[in-house]
Amino acid sequence: MNEIFDDSTLTEIAHLICGDETSLLYRKGYEIAAFFERAGWDDVPEYDGTPRHKWARELLKERQEDGTDDAERAILRLANRLEYYNQQQEYRATLKRLNEVLVLDGRRIGEDGGQLALVRCEAGFEDEVLQLPRVELKVSVKDVVSDPDLATAVQLRLDEARTCYEHGAYTSAIIMLGSLLEGVLAHAAQVRAAGVHMPKPLRNMGLNDFVDFAFKNKWIEHDAKLASELVRHYRNLVHPLAEKRTGHSPNRDTLDMCWPVVNATLNDLAATATAPPVPVSVRAPAERGRDGNPNASAQRPTPASVARRRPGGGPVVGT
């Protein structure tokens with residue numbers, strides 16, 4: 001089914017095609033006709049001297065009324081890097097403004113099978129739609145990772161996850177977050193666990209092992225441990241066969257559930273950065289609790305839960 005756009009959306013798209021703003025790529029009348037041809041339109045008329053914006057807008061409206069998908073083709077061509085040879089600033093400005101326009105109409109530019117596509121999203125203003133409903137990240141990566149090179153790599157994954165989110169690449173974003181989560185937990189196990197019995201050699205541990213180990217040593221809270229299973233499940237979709245078996249591809253809602261887990265884990269790791277590991281000799285009785293409840297230890301205050309209850313918590317420095 002062809003995408004149907006509001007008249008106001010088509011009006012703004014025509015402005016972007018014409019490029020009348022100084023930050024955009026300016027197109028003369030005949031260049032607008034050539035643009036439509038590059039977008040895959042058939043039978044594009046010659047520019048007739050009508051004011052450029054009016055001419056482009058009327059063509060977009062006519063094609064939509066004719067039931068073609070030419071308006072969508074023009075929009076995707078605006079987002080195509082091939083349209084901006086050696087004009088990166090104009091490309092970025094156009095893409096930003098394009099998404100601001102589209103999101104009001106419940107779409108945004110994303111990808112489908114590696115190709116540019118229009119992705120359905122909640123209609124609203126750009127800054128509202130991109131606001132992830134999540135646990136606030138109250139720390140920086142450097143508060144969690146003491147190795148400068150590793151901290152840089154972790155921050156890059158955080159930034160790339162945000163970029164993936166903005167462009168509708170939700171599976172890629174979750175894979176980035178899962179990689180980040182395993183990296184910071186592996187680092188914690190390496191630098192904090194001196195003298196503590198490891199369940200297996202560090203090189204043989206996976207994300208699930210690191211989560212369990214961090215929880216046993218009270219570096220992360222019980223909620224972060226339980227919820228991390230969701231991230232681990234979707235992170236495994238890096239293997240296409242795993243996605244085929246589950247019969248589900250991550251979407252925006254999936255990512256909105258996974259991101260808080262990563263933020264909560266980073267907050268917990270920062271709050272417990274100076275906490276000593278739980279000695280092996282007292283760990284088992286402490287976890288059993290007085291009444292034999294294996295979850296009793298999760299009810300007692302820990303450095304992470306105390307930090308969560310502190311007012312403020314510092315500035316937000318991540319995503």
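Two stretches call for care. Residues 126–134 have a pLDDT below 50. Beyond near neighbours in sequence, that stretch still has 27 contacts in the model. Residues 280–319 also fall below 50, with 57 contacts in the model beyond near neighbours in sequence. Where pLDDT is low, the predicted coordinates should not be read in detail.

Now turn to helix α1, residues 7–18. Its 12 residues, at 1.5 Å a residue, should span 16 Å. The end C-alpha atoms lie 17 Å apart, which agrees. Buried residues in α1 are Thr9, Leu10, Ile13, Ala14, Leu16, Ile17 and Cys18. They pack against α2 (29–38), α3 (52–65), α4 (70–78) and α5 (88–103). After α1 comes glycine 19, with a positive phi near 70°.

Further along is a helix pair. Helix α7 (residues 148–166) packs with helix α8 (residues 170–192) at an angle of about 160°. Their axes are 8 Å apart. Angles over 145 degrees count as roughly antiparallel, so α7 and α8 are roughly antiparallel to each other. The crossing of α7 past α8 is left-handed. On the α7 side, the residues that meet α8 include Leu150, Val154, Leu158 and Ala161. Among their counterparts in α8 are Met176, Leu177, Leu180 and Val184.

Terms used. Residues numbered from 1 in each chain as written. Predicted model: local features only at pLDDT ≥ 70, side-chain atom pairs only at ≥ 80, totals over all residues. Heavy atoms only, no water. Helix = DSSP H or I, 4+ residues; strand = E, 2+ residues; numbered from the N terminus. Expected span 1.5 Å × (residues − 1). Buried < 20%, exposed > 50% of the residue type's maximum accessible area, 1.4 Å probe, protein only. Contact = heavy atoms within 4.5 Å. pLDDT = per-residue confidence, 0-100. Axes fitted to C-alpha atoms, helices over the stretch in contact; angles between N-to-C directions. Parallel < 35°, antiparallel > 145°, perpendicular 65-115°, else oblique. Left-handed = near helix turned anticlockwise from the far one by under 90°.
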